[in-house]
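Here's a quick briefing to read alongside the structure. Have the view open and follow the topics one by one.

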Amino acid sequence: MKQIIRITIGLVISCLVAGAVMGGVFTVTDKAKKRNEHLAVQETMLGLLGYKDAKQVPADLKLYSIYRYIITDGSGSQYLGYLVPVAEGNETGYVLLKLDLQGKFISKKNIDISPEKAREAPERESALKAVLKPPISFRYADEAIVATLGKKRLAYLLPGEFLGFKTTIKAMLALDPSFGIVGLDILEHEEDPGLGGEIEQEYFKNQFKDKSYDRITKLKVIKEPLPDEYKKYLEKSKWQKGAFSKEQIATIRKKYQDKDIYAITGATISSKAVTDGVKGMIRKFAYRMGKLEAVIVNEKIPAVFL
Amino acid sequence: MKDSARHLLMGAALVLLVVLAGCRTEHRFVKKVTFEKTNDIVITFAGPVDAAWAKNVDNYTVFEKEDPDILLAIKEITLTPDRTKVTLHFKNALNQSRAHTLMIKDIISEGKSQGAAVLTVKKLYLGYLFSILIGAMLIHNFVFTKYLGLCVFFGTSQKRTTAVGMGITFTIVIVFASMLSWFMYQFILKPIRLDYLQVVVFIGLVSLSVQAVDTILRKVNPALFKAFGVYLVLVIANCIILATPLILADKEYNAWESFMLSLGAGTGFLIALFLMSCVREKLELANVPPTYRGLPIAFIVAGLFALAFLGFSGMAIF
Amino acid sequence: MAVTKKTNKQLVLDGLLSENPIFRLALSMCPAVGISSSVMNGILLGIAVLFVQVFSSCTISLLKDYIHPRIRIPTYTLVIATWVTVIDLVLAAYVPVAYKAMGIFVKLIVAFAIITMRLEVFACKNPVVPSFWDGVGMGTGFMFGMVTLGTVREFLGTGGLLGHDLIGTRPLLFFILPLAGFFCVGFIMAIFNYVEIVYKRMKRKRSIAQ
């Protein structure tokens, strides 16, 4: 009997010590993890906008997030709720714009949250709960980032995901203010290495660059071999100094600007999945942004990106 | 053995019941709504509907459940001669893996109004569950495509009887352990934000369930215990049994999906072991060069199996 | 108690070669096949295993007088799982990209037979210092195995090492497919066997000649 008690006490103490060690490490690493994740996302975004390292980034480049929520009221009808950053003097605050499904303005509410806190989903939720009281319920839909340079709107950055050949592919898109593609980056995927995995290579994802909005709506995948000069042009990180003159870049760019997407050899389905996914993302975003922008202008919302 | 067969049957019946209950639509006049081909949705009504009403595009509103503000454009509507089946052809291909909402305005049948309907169109849930099972068993086979559980795999695949015994024992324990861990994670660890304790808790639960299966089997069916008891110790050394709860926690599966995935993982391991043991029994008789005898040739055979299993990759069922 | 008589250097060398956990003991094969497609993966997982092995060995050898023999195995598991959680959290926080590449395997270190085995046969019978060196030996042995596999596969598959292009072409794309790990491990094991066979033959010849 005495033995059993000794064993139990021993085990309990070791469990407590182990728990304390793990808890301690968790509290230390959790903050670092969040910060590093945020930095990694930021780096991807800046990379898409063409800034290779932090030194090149101009001081007046700002990134603002718009969060979209779907709000359901007591009777079951649905509304869109946009959490839009607005200028409050020198500070940035947030307002919640409630739109009906056709994009008509319903109401506007100030939300008490700072941009740093708005990055955390639980913080946003509790701030929204203060305004949207039951029986109204809401759920998070997506995020879009507006990049501004000084007073000018530079680009939109869209994180998104779509179905690939095997599992979902996570991607980030950069669009110019008229919804043409500035850049595409594949963040996560589980396609086969060497085949579908090639979607993360520059010679594939850079093909989407410079396509205009009208062109994207009709974009297809073609099963033709990728021309050599185009491949060299696409693999920008492998460029040696002086490999292309400015005129050459301009001619190649013009020549292939309106081409469809060349499929990866042996991975037509993955190529098609990415193309369709990108098309879907842009179509939805352009539609929503149009509606939201009209509301912002009509209601004279002091949004930071105007 | 008879008892377990009965239990299995009962379980299957229960699954069917749940699925059938899920099949009924939310409106009494609409019998069925299903996806068809890539661009179509087919609505089956309980009686003949008014042709003029049915062909009016304005009577239907369709959107993906997650995106209620983006309406999908209907290109054309066709009606069967008996006027009970309406097919909506859409302009763009539908993303059929997501649930769609279909709103129908005031259904008119034989001049009488049957009221409006809000319906959800989605793929059969049973099909989805089945695809998880087959996926874990063949397409994402844990041994040949995820490269897990190899120590036990190479250790117990020398003889066919051992392989089958190990496979069955493992399947029972993994289902038990995964369900236990799933419950623990979803209802205890996640709500109090202790999910970083995953590894410790899961390995504890796995040991616990091995012990539990050991005790239960010994009491309930000593004959079975005699046959399979020896493998129970090995089960805990197999990393699949820890990987499955981790995957379940990562993917946020619900109870049925978790059950299917763990069952698939177990049977997938059984299949892999059985295939491998068949080959290795033959290899005993073959003249293998001395340097390759034993493990090296087993690895190369496993590589060939993995190549074959690569053929399943990307296969979509349902 | 069977306290070891080997020197620290011998302990490390044993782990590296004659008791190499991957090629000789054939334990912890899963990562050897699954994620040995690049040298970097091998190094990082090697560091993680080294860390867990060394810390668990030291912990157990420090506590060996207080552990009741009947709860030996649960205590080992608890100690290993704790250190695995620690390294998992640290890697996830400071090297997120590499952590993603290693996927579930970091958490699965807890199920590696090699670590429990070393605790059972070595650390619970020996003082801290030899246990430390034994842990180092086993950990580096594992890392050595992973790096060897990674070098072969990355060079043949992509024609480069550590992400740098060396020869400009891809000799055999097949080798970076995950399943090529099976073949690589098989071939390298065969080489180890061959060396052993030749060595034994030479020894026999020498003894006959004498």
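How many residues does the contact take from chain C and from chain B? Chain C puts in 34 and chain B puts in 33. Keep in mind that this is a predicted model.

**Chain C with chain B**
- Together, chain C and chain B bury about 2800 Å², and 86% of that is on carbon and sulfur atoms.
- On the chain C side, the residues that lose the most area to chain B are C:Cys30, C:Leu179 and C:Phe182, together 22% of what that side buries.

**Chain B with chain A**
- Here the contact takes 18 residues from chain B and 18 residues from chain A.
- Chain B and chain A bury about 1500 Å² between them, with 58% of it on carbon and sulfur atoms.
- In chain B, it's B:Asp69, B:Ile70 and B:Tyr196 that lose the most area to chain A, together 37% of what that side buries.
- The rule finds four salt bridges across the interface of chain B and chain A.
- A:Lys284 and B:Glu64 form a salt bridge, with their closest N and O atoms 3.4 Å apart.

**Two helices in chain B**
- H8(B) (residues 240–251) packs with H9(B) (residues 255–285) at an angle of about 155°, their axes 10 Å apart, so the two are roughly antiparallel.
- H8(B) brings B:Ile240, B:Thr244, B:Ile247 and B:Leu248 to the contact, while H9(B) brings B:Ser258, B:Leu261, B:Ser262, B:Ala265 and B:Phe269.
- Of these contact residues, six are nonpolar, three are polar and none is charged.

Methods
Residues numbered from 1 in each chain as written. Chains lettered and ligands numbered in written order. Predicted model: local features only at pLDDT ≥ 70, side-chain atom pairs only at ≥ 80, totals over all residues. Heavy atoms only, no water. Axes fitted to C-alpha atoms, helices over the stretch in contact; angles between N-to-C directions. Helix = DSSP H or I, 4+ residues; strand = E, 2+ residues; numbered from the N terminus. Parallel < 35°, antiparallel > 145°, perpendicular 65-115°, else oblique. Contact = heavy atoms within 4.5 Å. Nonpolar A, V, L, I, M, F, W, Y, C, P; charged D, E, K, R; others polar. Buried area = accessible area lost by both parts, 1.4 Å probe. Salt bridge = Lys/Arg side-chain N within 4 Å of Asp/Glu carboxyl O.
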